[in-house]
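Student: I am new to this structure and would like to talk about its aromatic rings. Could we go through them together?

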Amino acid sequence: MHLARFPRLSLGHFPTPLEPLENLSKLLGGPKIWIKRDDATGLATGGNKTRKLEFLLADGLQKKADIIITQGATQSNHVRQTIAGAAKLGLKAKVLLEKRVTDFGEDYQRSGNVQLDLLLGGEIVAHLPGGTDMQQAMEEYAAELREQGHNPYVIPGGGSNAIGALGYAACAEELLYQSSQQRLRIDHVVHATGSTGTQAGLVAGFTATNSHIPVLGISVRAPKAKQEENVWNLASRTRELLGVPGDLPRETVVANSDYVGDGYGLPTESMLEALHLLAQHEGILLDPVYSGKGMAGLIDLIRKGHFRKDDNVVFIHTGGSAGLFGYRQVFEK
């Protein structure tokens, strides 16, 4: 796996810390939990999308783009980081937002990530109803811009295509290096999985290096079978882009969709518990949509005895604490 072959920018603070969660591990009675602080990537409050954007925006520059287009839910962490990356490069960023969540009033619609989108100089060109084909909407808007003489570069939701997933193949390499330096045997990697790029990149990276570290994605949106299919398809395309021979075994892709609750972006009691536990025992802020539900899944699985007491489990914190401000009324109940 030779990632230096691909165009890449330097947008984040890497390597991100790999730290033990001593208090949480003790509270839950084992296994030993570690946290990979991808909330600390540094780009406009950080998050996992920064890794993907290092490859995606480099590809956009190589293709002489003058405008970056992307999409996401109203409180999208990906949109915020994409706008920040474009600003750093002196490019215009135009975004389409989708109203997937409509329950939390003015705070959700205007504060948190939305406020940062505007502060960073992004232009919200449309706020579309939930269920809109957002990729098609972006392509149609890109066609309009081309007619005006622009050269837009379209980044899919979550930055989740094979180019973006290279960011998490790189993260897999980074984790292997850190584990070697810290003499840490990693038995499991757990994280929140949504648009699939993070999990697909990790699976591609770990399988390409024959490290045999299992990755468990805690789904925040899709049912298990659909999420695993989507991750497997993207991981396979990423391995192909990397030049890794052979087919990806299906059993390397595992998702758990038991912690989605009523739907994407909708709070659950287990998510709220996870946020409070990490904040009050480790001084770490999770987010309500991704890392909160991912950690809720990890905590519940530990309580159910899914892991051995002597396992080392690495939780990848994908960032997004800016989104907490859009959920103020949830925390005031």
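Student: Are Tyr264 and Tyr290 buried or exposed?

Tutor: Both Tyr264 and Tyr290 are buried in this predicted model. Buried here stands for a relative accessible area under 20%.

Student: How many aromatic pairs does a search of the whole structure find?

Tutor: The search finds 4 aromatic pairs. One of them is Phe104 with Tyr327, whose ring centres are 5.1 Å apart.

Student: Why is the pair of Phe104 and Tyr327 called tilted?

Tutor: Their planes stand at 45 degrees. Stacked needs under 30 degrees and edge-to-face over 60, and the rest count as tilted, so this pair is tilted.

Student: Where in the chain do the two residues lie?

Tutor: Phe104 is in the loop between β4 and α4, and Tyr327 is in the loop between β10 and α12, 223 residues apart.

Student: What makes Tyr327 buried?

Tutor: Its relative accessible area is 2%, and the cut-off is under 20%, so Tyr327 counts as buried. Phe104, at 7%, is buried too.

Student: What sits over the ring of Tyr264?

Tutor: The charged end of Arg100 does, 4.7 Å from the ring centre. Elsewhere, Arg51 lies over the face of Tyr168, at 5.6 Å from the ring centre.

Terms used: Residues numbered from 1 in each chain as written. Predicted model: local features only at pLDDT ≥ 70, side-chain atom pairs only at ≥ 80, totals over all residues. Heavy atoms only, no water. Phe/Tyr/Trp six-rings, centres within 6.5 Å; stacked < 30°, edge-to-face > 60°. Helix = DSSP H or I, 4+ residues; strand = E, 2+ residues; numbered from the N terminus. Buried < 20%, exposed > 50% of the residue type's maximum accessible area, 1.4 Å probe, protein only. Lys NZ or Arg CZ within 6 Å of the ring centre and 35° of its normal.
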